[in-house]
Structures are given as structure tokens and as C-alpha cells.
Amino acid sequence: MNATTKLLGMLALAVGVLFAADAAVAQQDNLIDTIKKRGKLQVGFSSFLPWAIRDKQGSWVGFEIDVSTKLAKDMGVELDLMPTAFDGIIPSLIAGKFDVIIGGLSVTPVRKEQVDFTEAYSQSGQGIAASRQLASNLNYPEGYNDAKVTFVCRRGAAPCKTIEDKWPKATVRQFDDDAIAFQEVINGNAHAILTSEPKPTFFTLQNPDKLFKPTNDYVTTSFEGFALRKGNPAAMAYFNDWIGKNKDWLKQRHTYWFKGRDWASSLPAS
Amino acid sequence: MQPDLEPARQPPRTRRSRLTWLDAALAVLCTCAVGYFVWRTHSVLDYRWNWSTIWPFVFKIDPASGQWVPNLIVEGLLTTIRLALWGILVAGVIGTLMGLARTSKRLLPRLIADSYVMLIRNIPPVVFVFVFVFFIASQIMPVLGIGDRVRGASPIAQWWISILFGSPKLIDNFFLGLICLSVFSGAYVTEIVRAGIESVPKAQIEAGDSLGMSRADVVGFVVLPQALRNVLPPLAGQFIQLIKDSSLVSLVSIQELSFMAQDIQVATQRVFEVFVFVAALYFVICFGLSQLFGVLERRAARAHR
């Protein structure tokens with residue numbers, strides 16, 4: 001067999017695959033009807049303190065879980081929680097693995113090109129925690145804008161972009177998970193971490209001899225919305241209406257999960 | 001067993017088993033090196049080890065019945081074991097069929113098998129996993145409709161399914177990972193099987209032909225048994241590789257051991273304890289499998305004599 005035949009065979013396969021993928025995206029009717037007919041709301045999310053975490057019993061708890069549970073109940077359907085690796089959460093939505101992302105996904109211009117966001121159902125702030133050993137002498141914030149300063153953040157998350165905007169000269173290292181990123185700062189391998197509050201505050205309280213907070217203000221605030229596949233105006237209107245009706249309830253749940261630590265006793269002690 | 005007629009061909013028996021002063025010196029040196037390494041890690045890595053938080057994730061007390069029941073780590077471990085066993089079976093079948101196709105005299109089977117092997121061997125595993133899951137598997141899975149069929153099955157069937165494939169709720173998730181892993185590993189098994197088939201002397205096939213055996217009989221009774229016996233060691237290596245590769249599918253949210261480990265890390269904030277514990281579990285599975293293959297290899301070698 002010569003090289004040309006081989007190449008042609010592979011090309012034919014690749015084209016076939018692409019067409020198949022295209023067909024799947026094209027077929028899409030009213031999402032809300034589909035959910036109700038199925039009797040199940042499939043929600044994609046990713047584990048992140050205190051948005052969605054496993055408690056001691058291994059079940060899911062957190063702000064997102066409260067929101068998804070109530071949403072499913074109000075729609076009169078079962079809730080199907082689909083924990084998803086954060087890296088693949090938007091591709092998974094687009095590929096149709098679940099109906100909606102309720103996963104603390106901040107609204108950013110880049111993400112808006114791929115998916116549609118509802119109105120904000122939560123507002124969160126990004127906070128900073130820094131290494132006592134490395135960053136004690138740095139002036140906040142101008143001193144952090146230096147190539148010698150290393151920031152860490154969770155890969156693909158909004159804070160990575162914030163670091164680029166605020167401290168363009170700083171070095172950024174990205175980790176798959178915040179727990180590892182924090183460990184890097186605690187070990188004195190990076191100067192500071194930027195991630196959504198209340199994590200920076202909690203970690204600083206847990207490791208007072210290793211970490212400190214250069215500022216208690218939010219570095220930047222961001223809004224989170226449900227993410228939907230593009231072209232679902234009916235579902236968008238439905239979810240926006242739900243968020244509008246439940247403003248006070250959402251605020252109350254947000255305060256419970258983000259301002260206090262009453263829930264900490266149900267979690268494994270760290 | 002027949003008496004040994006050619007003692008001169010036997011490998012030398014004199015394997016020394018006594019320790020000498022040189023061995024002792026080397027052992028001391030190794031211990032010192034390991035000790036130094038541990039001490040260095042301890043001083044560089046500032047970490048307060050706390051193993052107690054991860055045990056509840058291995059087994060928990062069910063509040064309803066007050067009994068010990070498996071928690072996330074054991075659930076993930078079982079998924080990984082199921083993925084591994086089914087993966088070995090499916091990848092083995094794919095590999096054997098494709099290996100036969102790759103050594104076929106006809107063009108079409110060879111074309112298909114060659115494209116398959118070339119396509120997968122020349123893509124990094126992580127990229128393959130993503131492309132496969134988002135473009136190909138998302139087309140196949142809804143057509144198969146495994147989840148719906150399982151939910152419609154009888155309670156006894158459901159019980160068997162949950163033993164063989166895990167919780168019916170996660171069955172689509174499991175099959176997605178299984179297909180992905182099998183298709184990926186199958187390409188490597190194909191190459192090993194091909195090597196095995198090519199190692200069988202042509203005279204054997206001709207002998208089969210001259211006895212009037214059919215094509216299928218020659219393949220089934222003459223070629224494959226010898227081929228597979230010849231490639232048992234690399235095949236064992238590939239299957240152990242498959243178990244380790246199963247951690248890759250955690251990237252596409254298949255809820256096996258590595259994925260669960262990530263969740264537990266987030267919940268407990270104990271990064272290294274979870275890593276170390278999970279690594280130990282993988283080691284136990286892979287080591288167990290390599291022991292099993294060792295036994296098989298020795299049996300195959302005895303049968304060969």
C-alpha cells in the first residue's frame with residue numbers, strides 16, 4: 001500500500017467525523033420542553049469550595065447545589081448532577097452532555113463567544129493571598145507587577161485573566177486545582193494566589209504563619225450566570241425569570257455559603 | 001513431561017543468593033540516599049501531614065443503617081477496576097481482530113487496520129481522549145442509549161449490571177470511558193498481536209494448509225495460540241499500561257479513582273495524602289496484575305517445552 005492511499009483513508013475518516021459532529025449541533029429544539037419531557041434537569045458543575053463540595057458522606061453540598069436543587073424543584077423535575085472536570089466544562093455543554101452549567105462560571109467576554117449566559121445569579125469577588133516568606137516586603141499592588149513575582153491561579157479560571165490585566169509583568173503559573181496552587185504559595189514557591197473569595201481568607205486563617213492578605217478588598221468583582229448552549233432564547237427567558245423571582249433567596253443562600261462558616265462542620269476537617 | 005535430553009543447553013544454575021560485604025555496603029548507601037532525600041523533602045516541603053481526614057472517604061458509617069459502607073475512594077477504585085478488566089477484554093478483542101486485519105493479504109482490511117493504528121499511535125493520549133469524547137463518542141452514546149435501556153431493565157438484571165458495570169446512574173459515564181480507553185489501547189495491542197502473528201513461521205501455516213484445514217481453523221488453532229504465547233510479556237506490559245492510562249479519562253469526567261481523588265482534594269484540602277494514597281492503590285492493582293501475568297508466562301513456557 002502506498003502513502004497516498006493511506007492518507008486518503010485517514011482524510012475520509014476525519015471528514016466523516018466532522019460531519020457527524022456538525023449534525024448533532026444543528027438539531028436543537030426548545031430546551032425547557034426537552035427537560036420537562038425527560039423529567040430531569042442535567043446540571044454540569046465542577047467541585048470548588050464553597051460552590052460545590054463533597055461532604056463527609058460523599059454527597060454534594062454547596063451554593064451551586066442549593067441553587068440547582070431549588071431550580072429543579074421549581075421546574076417539577078428531578079435533578080441530575082453531573083460533576084465535570086473544569087477544563088472540559090464548556091466543551092461538555094456544547095457537546096450536549098448536560099442542559100446547563102450552574103458552576104460558578106464567571107461571565108467573561110471570551111466565554112460569551114462560546115455560550116450564552118443568563119442574568120447574574122451571584123456576585124463574587126476575587127481575593128489575594130500571599131506568601132509571608134516571599135511577599136512580606138512587597139508593596140501592594142504596585143510591587144507585585146514585576147517579572148520576579150510569581151502568581152498562581154486555577155487553569156482556565158477568571159483570576160488568571162485578572163492577573164494578566166492588573167500585573168502584566170508578573171509571571172503566572174497555572175494549576176489544575178486550587179488546593180495545589182495554595183500549596184505552592186505555602187511552600188514558598190510562588191508569591192501570591194488569586195482566586196475567588198472566601199478561599200483566600202479561609203486558607204490564610206488556616207495557615208497564619210505562612211500566608212497573609214495584602215488587602216482584604218476584592219481585587220476585582222465578577223458576576224456568575226447559568227451558561228446555556230447558544231440559540232436557546234426560550235430557555236434563557238425561563239431561567240432569567242426564575243433568577244429574577246428568587247433574588248432574595250439567592251442572596252440569602254449566597255450569604256450563608258460565602259460570608260460565614262456554619263456549614264464547615266459537615267465537611268471533612270482539614 | 002519428557003526427560004531432559006540436552007543438559008548442555010540448560011542455563012547455568014549457579015545463581016548466588018548469599019549476601020556479600022559489597023551488597024551490604026550498597027544497601028547502607030541506598031538507605032542513606034533515601035534518608036537524605038526524605039530529610040530534604042521534609043525541610044523544603046512545608047506540609048503538615050494529616051492522614052486522618054482521608055479515611056472517612058474510604059469507608060463511612062451510613063447514618064441510616066449505622067453500618068460501614070464504601071465511600072468515594074472505594075467507589076472510584078471499583079470503577080477503575082471495572083474499567084481495567086473490561087478494557088483489557090475489549091482492547092484484547094479489538095487488538096486481535098485488527099492484528100489479523102493488519103496481516104491480511106487483502107487490501108481493505110489492511111487499509112482499515114493501518115489507518116486505525118496510525119491515527120491513534122500518532123496522537124498524544126490526552127488529545128485523543130478529548131477529540132474522541134467530544135466529537136465521536138457524543139454521537140455514539142445517544143444512539144446506543146445504554147442508560148435508558150438499563151433503567152428499563154428488570155431489578156435482577158439491574159443488580160447484575162451494577163455488579164458488572166457499576167451504578168446504573170453512571171452507566172453512560174462508565175461506557176464512555178470504557179470505549180475511549182479500549183479504542184485507544186486497542187491500537188497498541190494491535191501492533192503487539194501483529195508482531196506475534198509475524199513471529200509464527202510460515203511453514204506452520206503451510207503445514208495447516210496441507211492438512212486441509214480451513215482458513216479460520218489455521219488462524220484459530222495454529223497461528224493465534226502460538227502468536228499470543230510469543231507476545232505474552234509485551235501484552236502484559238500493555239495491559240498494565242491500560243490501567244494507568246485509565247486515569248486519563250478522569251479529564252473527561254469519568255468518575256474513576258483519579259476523578260474522585262480530585263474531588264476529595266477539594267473537599268479536604270489534603271493534596272499529598274490523597275495523591276500518595278491513590279498512587280498506592282494503583283500500584284497494588286498493577287503489581288497484582290503483573291504477578292498474574294508472570295504466572296501465565298511460566299505456564300505458557302512450560303507448555304511450550
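**Exercise 1.** What should the 14 residues of helix 10 (residues 232-245) of chain B span, and how far apart are its end C-alpha atoms?

*Solution.* Helices are DSSP runs (H or I, at least four residues), numbered from the N terminus. The expected span is 1.5 Å times one less than the number of residues. For helix 10 of chain B this gives 20 Å, and the end C-alpha atoms are 20 Å apart, which agrees.

The model is predicted: local features need pLDDT of at least 70 and side-chain atom pairs pLDDT 80 or more, while totals for chains, interfaces and linings use all residues. Residues are numbered from 1 along each chain as its sequence is written, and chains are lettered from A and ligands numbered from 1 in the order in which they are written.

**Exercise 2.** Which residues of helix 10 of chain B are buried?

*Solution.* Buried means that 20 or more other C-beta atoms, placed from the backbone, lie within 10 Å of the residue's own. Leu235(B), Gln238(B), Phe239(B), Leu242(B), Ile243(B) and Asp245(B) are buried.

**Exercise 3.** How many residues of chain B are in contact with chain A, and which element of chain B gives the most?

*Solution.* Contact requires C-beta atoms, placed from the backbone, within 7 Å. On this basis, 33 residues of chain B are in contact with 38 residues of chain A. Helix 3 (107-121), helix 4 (125-144) and helix 11 (257-268) of chain B each give two or more residues to the chain B side. Helix 11 of chain B gives the most, with seven residues.

Terms used
A residue is buried if 20 or more other C-beta atoms lie within 10 Å of its own, exposed if 12 or fewer, and partly exposed in between; C-beta atoms are placed from the backbone. Two residues are in contact if their C-beta atoms, placed from the backbone, lie within 7 Å.
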